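These notebook entries record what I looked up in one structure, topic by topic.

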Amino acid sequence: MTCAACANRIEKKLRKLDGVSATVNYATNRATITGIDDVTAAIAEVEKAGYGAHQRQGDDDVWSKRATEMHITSLRRRLITAAALAIPLMDITIVLALSPQWRFPGWEIVCLLLALPIVTWCAWPFHKATLRNLRHGSVSMDTLVSLGIVASFGWAVATLLFGLGQASDHGFWLGFGATPEGANSVYLDVAAGMTTFQLAGRYFEARSRRKASDVLGALHALAATEVRVIRDGVEEIVPVTALNVGDTFVVLPGETIATDGVVVGGSAAVDASMLTGEPVPVPVAAGSEVTGGTISTDARLEVSATAVGAHTQLSQMAALTEDAQARKSQVQRLVDRVITWFVPTIIALAVLTTVGWIIAGAPLQQAYGIGIAVLIIACPCALGLATPTALMVGIGRGASLGVLIKGHDALEASGQITTVVLDKTGTLTTGSMSVAEVVAVGIDEDRLVALAAAVERGSEHAIARAIERDAVERRLPRLDAEGFATLPGLGASASVDGAEVVIGNPQLFRERGIEAPAALVEAVGLARDRGDSVSLVSLDGVLVGSLALSDTIKPDAVQAIQALKAQGLRTVLLTGDSRQAGERIGAELGLDEVIAEVLPQEKAAVVEGLQAKGEFVAMVGDGINDSIALATADLGLGVVSGTDIALRAADIIIVRDDLIAIADAVGLSRKTLKTIKTNLIWAFAYNMAAVPIAAAGLLNPLIAAAAMSLSSVLVVQNSLRLQSYRSKRVAAPSRDEIHEDELLAA
């Protein structure tokens, strides 16, 4: 394919097959087809349209890259040849045209011979595409270029053979004035210059597109090709495709982890920056999960594979990103329809312009030149590249930042968002409880925690795990418990060191008629005001203490909320917890509104309520109970640590374990959307302004060729600016800065 019109034609051919839906992406040179059983039928349709195709295989990325390099090399050779011949040709034609005394017999033939290789071999890619299109009764942007070259060269030959244009006495060149007779009779400089400019534009466009596609290729490049697998106690290097789930493989310092798995031996710091955008290496040890494509920086690891091939996180990220790049926006579909009619309209307009100028009394040569200028300037290449290149670069950059954008619809939604609704547990908080306060009455505080931990070792509740962790952090001796019994919904009991220990919520002790000392009543009240959960502990029927537990706020939550507010977004906390717990989190994070005590099935209704008030809502969540709300929101953002259902419902997936990625997702989406709009405005404005100027006879065909080529390059380069998008993460203050703040506060 050489332009967006080619992609449109192939897409139409494929959609004529019964039950088939197809999307052809000019930027990635790929077609995504659904509803077809026999791929040979699809390939046959593509060939009927005058193109070639094959079913994509696993090693096609390497093949495609090689083909792209060959194409760029071919364009470079043709460009160098054209420039080497066009420069002396244009010098000769200009000098001899303006200085009749230097002309020699047969000078026109010499110029013709210099131009011949340019308009034939150098311009062959344009002629080849045009001939193919004509065989299939269609036109493309190459048709305009080829016609312009042939028309210019043909006019020069006609001038030489039949003396056309010689009737005009003089021409007028800006900066020179009236020209001698015959100065305008040879149009070879236009044909040669246009070919050179078009090849230059096509060459730099191809290089820019390759650079844009490399953003996606970087994801594929992260995958390891070989792995050190341990089988029958022997370590051997095998292709990664030979790895099976359950196999144990070795990762040496500096090597890429071959696939997703669980560490079974060793400990190391793993660099996941290339996959998640997180710059700090993550420590892993036995039992830790690791992701394929990340790197063990400083030690040897033994890993048991849990997923291979297409089931790995890296493969799914790459597949999701490719799918997003293949999807089309409503604007792009409109552009595709415009391009379909644009080329034949411009050809007709060029003919009418030429005829109109002739009727108005202009010399044939002048009218012909104006028609050629219209033909050249109107090529809508920039229009066809405006959306897909920006989408490709933006989505690729998001993947490198740990943000997976599912498609253009997500970008369009991000531009309208006014409110961000955030789930609490697992999104703003870690989802794991921690002991926030211990109050002991008539007993040592450490002794209280040790007794509670001894009982809770028999429980699977999150509160039990938090109390156990607190005992470990305090380095308390492990006490043995006997006769463990669960009290469903209330607590648990056991015998520790010969004494009966009961731990549970206040309701349990009220039901047993056990009164709490004033100090514990006050502690329970304060904990509830803070939104903490409270567990009381009794020893042989007497209450001896309380433990307040809270959900831990993620360390980067405050910065993430500030980053969202800096983007002009309103933040809302949505939680099923008590109002006190919600208000505490909301106050600590500086949220604009807290909506608490919401049942899972009511979350979508809350989102709809905000939308009814005129808000455009983005919902951030990670659980099954968030999936309906994610789908209901104008923009759904799923955290990758969440459930598969939540991720399927989301428009954007946050891979990075970093809440600031939410602000990055919104910021990058908005910038990508802004880039697309800028590209389209430029492309439309260029064509709308250039065509009338050319038709008015104010544009030299040579300048028209240069301007058209430059417009396509500018659009692609503008899209590539998205690669420079930076995360909104702010570096932590240095020790000196912290010390300075303390001094100022003092």
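This is a predicted model: local features need pLDDT of at least 70, side-chain atom pairs count only at pLDDT 80 or more; totals for chains, interfaces and linings use all residues.

**Entry 1**

I looked up Asp497 and found a relative accessibility of 53%, so Asp497 counts as exposed. Asp497 is located in the loop between strand S18 (491–496) and strand S19 (499–504). Its phi is positive, at about 55 degrees, although Asp497 is not a glycine.

I then turned to Asp232, which sits in the loop between strand S5 (226–231) and strand S6 (234–239). For Asp232 I recorded a phi near 55 degrees, a positive value in a residue other than glycine. Asp232 has 82% relative accessibility and therefore counts as exposed.

**Entry 1. The chain as a whole**

I recorded 26 helices and 26 strands in the chain. The chain has 746 residues, and buried residues make up 50% of them. The chain exposes about 33800 Å², of which carbon and sulfur atoms supply 58%. I also looked up how far apart in sequence the contacting residues are. Among contacts with a separation of 6 or more, 68% are between residues 24 or more positions apart.

**Entry 2. The nonpolar cores**

I wrote down a general point before this search: in soluble globular proteins, nonpolar side chains tend to be buried together.

Which residues touch the most other members of the largest nonpolar core? I found that they are Leu428, Leu637 and Ile652, in a core of 50 residues. Helix H24 (residues 660–695) gives the most to this core, with 9 residues. I also noted a second, separate core of 31 residues, which includes Ala86, Ala156, Ala200 and Tyr203.

Leu637 is in contact with Ala618, Met619, Val620, Gly621, Leu630, Ala650, Ile652, Ile654, Ile662 and Ala665.

**Entry 3. Helices that pack against H24**

I looked up H19 (residues 557–566) and found that H19 and H24 pack at an angle of about 20 degrees, with their axes 7 Å apart. Angles under 35 degrees count as roughly parallel, so H19 is roughly parallel to H24. The contact is made by Gln559, Ala560, Ala563 and Leu564 of H19 and by Ile660, Ile662 and Ala663 of H24.

How are H11 and H24 packed, and at what angle? Helix H11 (residues 364–377) and H24 pack at about 170 degrees, with their axes 8 Å apart. Angles over 145 degrees count as roughly antiparallel, so H11 is roughly antiparallel to H24. From H11, the contact is made by Ile370, Ala373, Val374 and Ile377; from H24, it is made by Tyr686, Asn687, Ala690, Val691, Ala694 and Ala695.

I next examined helix H18 (residues 518–530) and helix H20 (residues 579–589), which pack at an angle of about 60 degrees, with their axes 6 Å apart. H18 is therefore oblique to H20. In this pair, Arg528, Asp529 and Arg530 of H18 meet Gln580, Ala581 and Arg584 of H20.

**Entry 4. Two helix residues**

Is Asp470 buried or exposed? I found that Asp470 has a relative accessible area of 10%, so Asp470 is buried. Asp470 is placed in helix H16 (residues 462–473). When neighbours within four places in sequence are left aside, Asp470 is in contact with Val435, Val438 and Val449.

I also looked up Thr130, which belongs to helix H5 (residues 124–135). Thr130 has 7% relative accessibility and so counts as buried. Not counting residues up to four places away in sequence, Thr130 touches Asp142, Thr143 and Ser146. Thr130 and Ser146 are 16 residues apart along the chain, and their C-alpha atoms are separated by 6.8 Å.

**Entry 5. Cysteines**

How many disulfides are there, if a disulfide is a pair of cysteine sulfur atoms within 2.5 Å? I recorded a count of 0 disulfides. I then looked up two cysteines. Cys6 has a relative accessible area of 0% and is therefore buried. Cys111 is buried as well, with a relative accessible area of 0%.

Notes:
Residues are numbered from 1 along each chain as its sequence is written. Side-chain values use heavy atoms; hydrogens and water are left out. A nonpolar core is a set of buried Ala, Val, Leu, Ile, Met, Phe, Trp, Tyr and Cys residues joined through side-chain atoms within 4.5 Å. Buried means under 20% relative accessible area, exposed over 50%, partly exposed in between (1.4 Å probe, protein chains only). Helices (H or I, at least four residues) and strands (E, at least two) are DSSP runs, numbered from the N terminus. Contact means heavy atoms within 4.5 Å. Accessible areas come from the Shrake-Rupley method with a 1.4 Å probe; for residues, only the protein chains shown count as cover. A disulfide is a pair of cysteine sulfur atoms within 2.5 Å. Axes are lines fitted to C-alpha atoms, for helices over the stretch in contact, and angles run from 0 to 180 degrees between N-to-C directions. Angles under 35 degrees count as roughly parallel, over 145 as roughly antiparallel, 65 to 115 as roughly perpendicular and the rest as oblique.
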